[in-house]
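The following note is intended for a colleague who is meeting this structure for the first time. Please read the points below with the sequence and the model side by side.

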Amino acid sequence: MEKLSLAQARRIALAAQGFAVAKRAANDGQSADRPSPRDRQSTPTMRTFQRTLERTGVLQVDSVNVLQRAHYMPLYSRMGGYDVELLKRASERSPRRMVEYWAHVQAFMPVELWPVMQHRMDHYRERRAKWSREVPQRVIDEVYAAVRDLGPVTAKDLDDGAPRTKENWGWNWSKARLALDVLFMSGDLAIAGRTTQFEPRYDLPERVIPARILDAPIPTAPEAHVELVRRAARSHGVGTAKDIADYYRMSVADTLAALRTLQEAGEVTPVKVDGWRKPAYLHAAARLPRRVTARALLSPFDPLVWERERTEALFDFFYRIEIYTPAHKRVHGYYVLPFLLGDRIVGRVDLKADRRSGLLIVKAAYAEPSAPEDTAEQLAEELERLAGWLGLGGIVVEPRGDLAPALSIVLPAWARG
């Protein structure tokens with residue numbers, strides 16, 4: 001069995017996720033580094049967006065907006081400052097490139113995965129009997145008919161504007177929302193987009209998903225498992241079966257069966273990573289850069305760090321999101337972003353975008369034990385870049401965390417608000 005050092009596994013994982021620079025052939029026959037679009041300060045295009053989506057595979061959706069919504073941040077971390085209209089175009093306009101579904105959790109996924117998720121939709125459809133205790137089938141049918149006639153609509157639209165009477169329908173907003181969720185999970189409805197208040201707008205799949213996708217053959221459940229594991233393994237570069245299973249929220253048993261199929265086809269190879277107790281799987285297309293020169297702030301919902309055990313195994317970085325932890329029990333803060341520098345996570349910052357004052361507020365900043373001496377300077381530059389992308393005119397550093405004093409000193413005067 002091939003062996004990888006932890007440093008090699010880390011570089012492979014970063015390359016698979018789009019954090020390593022691309023490569024070209026050098027005159028001496030060796031690989032040479034070529035600046036990424038982010039390093040070249042180029043303007044990300046839809047092609048850049050598409051390549052990034054192919055690497056991440058999914059973009060988790062979350063309603064928390066203390067800094068920037070979850071699905072926007074992984075793109076920024078990899079591409080740099082981009083026009084967020086790219087995401088809106090990709091998810092709401094023709095040709096539609098991605099669509100929301102329960103892929104990891106609620107997430108954007110490439111639109112071609114809609115048929116691949118049919119086995120999951122069938123599973124949720126079979127669970128309607130369980131949900132019917134809260135939402136009678138009659139209500140589900142009426143909500144579906146309302147969307148068919150009125151869509152695309154939000155749950156609030158159905159409550160406020162649907163042509164119904166209390167006598168003949170008799171359901172309220174909460175029942176409508178539950179019915180919409182049931183229909184969405186079972187694939188009978190799709191999300192056509194979201195309002196400025198982040199409310200999903202539901203419509204019939206045939207009015208959301210391109211016909212060529214809806215007409216594509218539906219894979220069997222084992223075939224779908226193989227395709228999802230293929231994509232997850234590619235997005236990991238190298239990972240354990242548990243890592244790979246988590247990416248599309250599959251069972252480890254189904255994942256192992258799919259990995260055996262992919263191993264027989266030569267698409268993955270079992271490997272041993274130093275320090276990992278369980279065997280890992282290396283994707284055939286995985287790249288091992290000589291070095292990684294990344295610098296990025298990572299959303300708590302970034303695919304690179306959302307599986308916390310993997311994050312600790314790869315980076316020796318213990319990380320927990322504390323949004324749902326009572327304030328007095330939080331260790332690092334409410335919305336803490338790991339700071340990736342090179343091929344290591346060297347710090348973490350609790351950030352808030354105060355849009356009313358136009359300031360990026362650093363609520364706390366902490367360095368990891370292995371952080372290099374220039375961590376504060378590197379983080380300051382990254383915070384300036386982030387503030388510019390968010391349209392914020394200054395940065396305020398509050399005096400919490402061991403990195404905060406140095407960070408406050410190195411930020412230029414204009415950035416201090």
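1. Lining of the pocket by class. The residues that line the second largest pocket comprise 10 nonpolar, 5 polar and 7 charged ones. It should be kept in mind throughout that the model is predicted.

2. Elements around the pocket. Three elements each contribute at least two residues to the lining of the second largest pocket: α4 (85–92), β5 (98–102) and β7 (190–194). The greatest contribution comes from α4, with 5 residues. Strand β5 also belongs to the sheet taken up next.

3. The sheet as a whole. An open sheet is formed by 3 strands in the order β4-β6-β5, with antiparallel pairing.

4. The pairing of β5 with β6. These two antiparallel strands are joined by 5 bridges. They form a hairpin, with 3 residues between the strands. Two positions may be located in the model: V99 stands opposite M109 in β6, and M98 has P110 of β6 as its bridge partner.

5. The pairing of β4 with β6. Strand β4 (residues 59–60) pairs with β6 in the antiparallel sense, over 2 bridges. Here L59 stands opposite F108 in β6.

6. Burial of β6. How many residues of strand β6 (residues 106–110) are buried? The strand is mostly covered, and 5 of its 5 residues are buried.

7. Residue Q60. Beyond its neighbours within four places in sequence, Q60 is in contact with A70, H71, H104, V105, Q106, A107, F301 and W306.

8. The cavity. The count is 1 cavity of 30 Å³ or more. About 40 Å³ of space lies in the largest cavity, which is lined by Q17, S235, H236, Y247, P303, L304 and R310. By class, this lining has 3 nonpolar, 3 polar and 1 charged residues.

9. The protein overall. There are 16 helices and 16 strands in the protein. Of its 417 residues, 53% are buried. Where contacts join residues at least 6 apart in sequence, 65% of them link residues at least 24 apart.

Notes. Residues numbered from 1 in each chain as written. Predicted model: local features only at pLDDT ≥ 70, side-chain atom pairs only at ≥ 80, totals over all residues. Heavy atoms only, no water. Helix = DSSP H or I, 4+ residues; strand = E, 2+ residues; numbered from the N terminus. Nonpolar A, V, L, I, M, F, W, Y, C, P; charged D, E, K, R; others polar. Buried < 20%, exposed > 50% of the residue type's maximum accessible area, 1.4 Å probe, protein only. Pairing = 2+ DSSP bridges. Contact = heavy atoms within 4.5 Å. 1 Å grid on protein atoms, 1.4 Å probe; cavity = no way out; pocket = protein on both sides within 12 Å on 5 of 7 lines; lining within 4 Å. Points joined across faces, edges and corners; volume = space filled by probe spheres on them.
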